[in-house]
Amino acid sequence: MFLHALKRWYKIKSSGGSEEIRRHMSQVDNLLKKELPMDTVNVDINPSDKPACKYLQSAADNGLKHETRYIVTHLQKFTSILHWQYGYGKLPEDMKENYAYSEILGPRGLIKSSDIAVGIVLLAPAAFYHYHEHPDLTESYLNLSGYFSQNDQAVYPPESIVLNKPGKSHKITNDSSQPLLLAYIWTGSKEAISESRMVFD
Ligand SMILES: [Fe+2]
């Protein structure tokens, strides 16, 4: 399934020589190993859409061209039950049509966990995800489809992993020609995971 596929990526793929990214990838591999045998489906979560979901199909189709396609293929099997949300009390107006995320594993995910959160983020072409941070959480994005930039520092194609340490402010800009589909992973203390705070700067 999707989480097994993601775990495999974090287990075997390059960290680009970064010890810090390697540590995070190993931690994700270990946490997912612990969580996966106990898959507890959260029956209280109902499917829901956001306007950006109209880009999901084309994002997934584009995602099939890259090595991360086996993760996308697993994701496609359960897109109809995803619960898409904004996650912020006050979302900038321009993000309402262009952004949505869905937690798959975590305190509010389809599968419950208090040790790790895993989900996906979808951005429309040319979307701008304003500066935000996740206090007390280490975050990584794995790009599944599209081309994005974070903090104007680089262009990240599919298969890229970007690490955001706790409290690091980051913005995302998306290429104008295609949507962006990212997997995100949060690690941290049980308290930080259960709060899963996302705040705009
Ligand atoms: Fe983030």
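A residue counts as buried when its relative accessible area is under 20%. I wrote that down before opening the model, which is a predicted one.

**Entry 1: Gln150**

I looked up Gln150 and found it in strand 6, residues 148-150. Is Gln150 buried or exposed? Its relative accessible area is 2%, so by the cut-off of under 20% Gln150 is buried. I then checked what its side chain meets. It makes a polar contact of 2.8 Å with the side chain of Asn164. Asn164 is also in the list of residues that Gln150 touches, along with Tyr141, Tyr156, Val162, Lys168, His170 and Lys171; residues up to four places away in sequence are not counted there.

**Entry 2: Asn174**

Next I went to Asn174, in strand 9 (residues 170-174). Its relative accessibility is 8%, so Asn174 counts as buried. From Gln150 to Asn174 I noted 24 residues in sequence and 9.0 Å in space, C-alpha to C-alpha. Setting aside residues up to four places away in sequence, I listed the residues Asn174 touches, among them Leu123, Pro125, Tyr147, Phe148 and Leu180.

**Entry 3: Val121**

Val121 sits in strand 3, residues 116-123. With 5% relative accessibility, Val121 counts as buried. Leu182 is among the contacts of Val121 beyond four places in sequence, as are Tyr99, Tyr101, Tyr129 and Tyr184.

I looked for groups of nonpolar residues. Nonpolar side chains in soluble globular proteins tend to be buried together. The largest nonpolar core here has 40 residues, and those with the most contacts inside it are Phe2, Leu6, Tyr10, Val118 and Leu142. Helix 1 gives the largest share of this core, 6 residues. A second, separate core has 25 residues, including Phe148, Tyr156, Tyr184 and Ala192.

**Entry 4: the rings**

How many aromatic pairs does a search of the whole structure find? It finds 10. I took Phe2 and Phe78: their ring centres are 5.9 Å apart and their planes stand at 75°, which is over 60 degrees, so the pair is edge-to-face. Phe2 is in helix 1 (residues 2-12) and Phe78 in the loop between helix 4 (69-76) and strand 1 (99-106), so the pair links parts of the chain 76 residues apart. Both Phe2 and Phe78 are buried. I also noted one aromatic cluster, formed by Tyr86, Tyr88, Tyr99, Tyr129 and Phe200. Lys50 lies over the face of Tyr86, at 4.8 Å from the ring centre. Lys13 lies over the face of Trp9, at 4.9 Å from the ring centre.

**Entry 5: helix 2**

Last, I checked the length of helix 2, residues 19-35. Its 17 residues, at 1.5 Å a residue, should span 24 Å, and the end C-alpha atoms are 24 Å apart, so the two agree. At its start, a side-chain oxygen of Ser18 reaches to within 3.3 Å of the backbone nitrogen of Glu20. I listed the buried residues of helix 2: Ile21, His24, Met25, Val28, Asp29, Leu31, Leu32 and Glu35. An α-helix has 3.6 residues a turn, so residues three or four places apart point the same way.

Definitions and conventions: Residues are numbered from 1 along each chain as its sequence is written. This is a predicted model: local features need pLDDT of at least 70, side-chain atom pairs count only at pLDDT 80 or more; totals for chains, interfaces and linings use all residues. Side-chain values use heavy atoms; hydrogens and water are left out. Helices (H or I, at least four residues) and strands (E, at least two) are DSSP runs, numbered from the N terminus. The expected span of a helix is 1.5 Å times one less than its number of residues. Buried means under 20% relative accessible area, exposed over 50%, partly exposed in between (1.4 Å probe, protein chains only). A polar contact is a pair of N or O atoms within 3.5 Å; within protein, one must be able to donate a hydrogen and the other to accept it, and residues adjacent in sequence count only if both atoms are side-chain atoms. Rings of Phe, Tyr and Trp (its six-membered ring) pair if their centres lie within 6.5 Å; planes under 30 degrees apart count as stacked, over 60 as edge-to-face and the rest as tilted. A charge sits over a ring if NZ of Lys or CZ of Arg is within 6 Å of the ring centre and within 35 degrees of the ring normal. A nonpolar core is a set of buried Ala, Val, Leu, Ile, Met, Phe, Trp, Tyr and Cys residues joined through side-chain atoms within 4.5 Å. Contact means heavy atoms within 4.5 Å.
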